Amino acid sequence: MKKIFYSLIGIAILVACAKEQDQAQNNSNEQQEPQTTISKTTDNQNDGTFSLYIDKTEVKNGEEICVDINGKNFKKIVSMQYTLRWDPNLLTFKRIEEFKIKALSAQNFNTTRASKGLLIKSWFDPAIQGITLDDDMPIYSLCFEAIGESGSESYIYFSGDPTIIEMSDPSGEINFKSDQSSIAIK
């Protein structure tokens with residue numbers, strides 16, 4: 001069972017990377033419009049649906065900021081995959097740090113398109129038991145340098161393009177929701 005699961009995860013990562021590479025070749029200068037919400041559920045209140053979020057924040061031009069990726073209803077999560085997007089004209093990606101869940105490291109992230117405002121993440125619990133975290137606990141942090149002019153604001157949100165959003169617990173795929181956030185430059 002574990003070998004099959006690991007093989008499926010590996011295939012999913014390879015397919016996502018191939019799709020990303022094809023899209024990069026075909027759309028080398030693409031600009032994506034931010035989405036307001038990624039959701040497989042329509043209710044944005046704390047209804048028990050697994051969610052990830054980033055608090056809105058501010059940073060001074062030229063300074064570095066690290067933002068936490070936080071979770072709600074993080075119960076027995078076995079796997080997560082998605083793309084994070086931001087405006088690369090306003091924020092320069094620096095690094096990922098402060099990993100708080102088992103088997104999560106920089107190796108779970110594809111940063112090849114970070115200069116275009118795309119970060120792809122794929123993670124799974126190698127024990128396939130699922131991991132539970134308290135609400136509002138940071139999962140990891142993303143660090144950026146603010147390069148935009150004072151008064152500008154970069155969106156930052158979870159996207160299903162190019163990597164499809166998929167979250168699962170031991171029973172299979174689960175619903176997920178997340179609202180768009182932003183980083184304002186002072």
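This briefing walks through the nonpolar core, the disulfide, the aromatic rings, a few strands and some backbone details of the structure above.

The model is predicted, so to speak of local features a pLDDT of at least 70 is needed, side-chain atom pairs count only at pLDDT 80 or more, and totals for chains, interfaces and linings use all residues. Residues are numbered from 1 along each chain as its sequence is written, and side-chain values use heavy atoms, with hydrogens and water left out. Two landmarks to look for are a largest nonpolar core of 38 residues and a disulfide between cysteine 66 and cysteine 143.

**The nonpolar core**

- A nonpolar core is a set of buried Ala, Val, Leu, Ile, Met, Phe, Trp, Tyr and Cys residues joined through side-chain atoms within 4.5 Å. Here "buried" means under 20% relative accessible area, "exposed" means over 50%, and "partly exposed" is in between (1.4 Å probe, protein chains only).
- In the largest core, the residues with the most contacts inside it are Met80, Tyr82, Leu84, Tyr140, Leu142 and Phe144.
- In soluble globular proteins, nonpolar side chains tend to be buried together.

**The disulfide**

- A disulfide is a pair of cysteine sulfur atoms within 2.5 Å, and by this rule the count comes to one.
- The sulfur atoms of cysteine 66 and cysteine 143 are 1.9 Å apart.
- The torsion about their S-S bond is about 105 degrees, so the disulfide is right-handed.
- This pair links distant parts of the chain, with cysteine 66 in strand E4 and cysteine 143 in strand E9, 77 residues apart.
- Are the two cysteines buried or partly exposed? Cysteine 66 is partly exposed at 35% relative accessibility, whereas cysteine 143 is buried at 0%.

**Aromatic rings**

- Rings of Phe, Tyr and Trp (its six-membered ring) pair if their centres lie within 6.5 Å; planes under 30 degrees apart count as stacked, over 60 as edge-to-face and the rest as tilted.
- By this rule there are 10 aromatic pairs. In one of them, the rings of tyrosine 155 and tyrosine 157 have centres 5.5 Å apart and planes at 45 degrees, so the pair is tilted.
- Tyrosine 155 is buried at 13% relative accessibility, and tyrosine 157 is buried at 3%.
- Phe50, Phe74, Tyr82, Phe158 and Phe176 form one aromatic cluster.

**Serine 159**

- Serine 159 lies in strand E10 and is buried, with 1% relative accessibility.
- The side chain of serine 159 reaches the backbone nitrogen of aspartate 161 at 3.0 Å, and makes a polar contact with the side chain of arginine 85 at 3.4 Å.

**Strand pairing around E11**

- Two strands pair if DSSP finds at least two bridges between them.
- E5 and E11 pair in the antiparallel sense over three bridges, with glutamine 81 opposite glutamate 166 in E11.
- E11 also pairs with strand E12 (residues 172-173), antiparallel over two bridges; there, aspartate 169 stands opposite glycine 172.
- Two residues lie between E11 and E12, and these strands form a hairpin.

**Backbone details in the loops**

- The peptide bond from aspartate 161 to proline 162 is cis, with omega near 10 degrees. Proline 162 sits in the loop between E10 and E11.
- Asparagine 73, in the loop between E4 and E5, has a positive phi near 55 degrees and is buried at 8% relative accessibility.
- Lysine 76 lies in the loop between E4 and E5, with phi near 55 degrees, and is partly exposed at 44%.

Key: Helices (H or I, at least four residues) and strands (E, at least two) are DSSP runs, numbered from the N terminus. A polar contact is a pair of N or O atoms within 3.5 Å; within protein, one must be able to donate a hydrogen and the other to accept it, and residues adjacent in sequence count only if both atoms are side-chain atoms.
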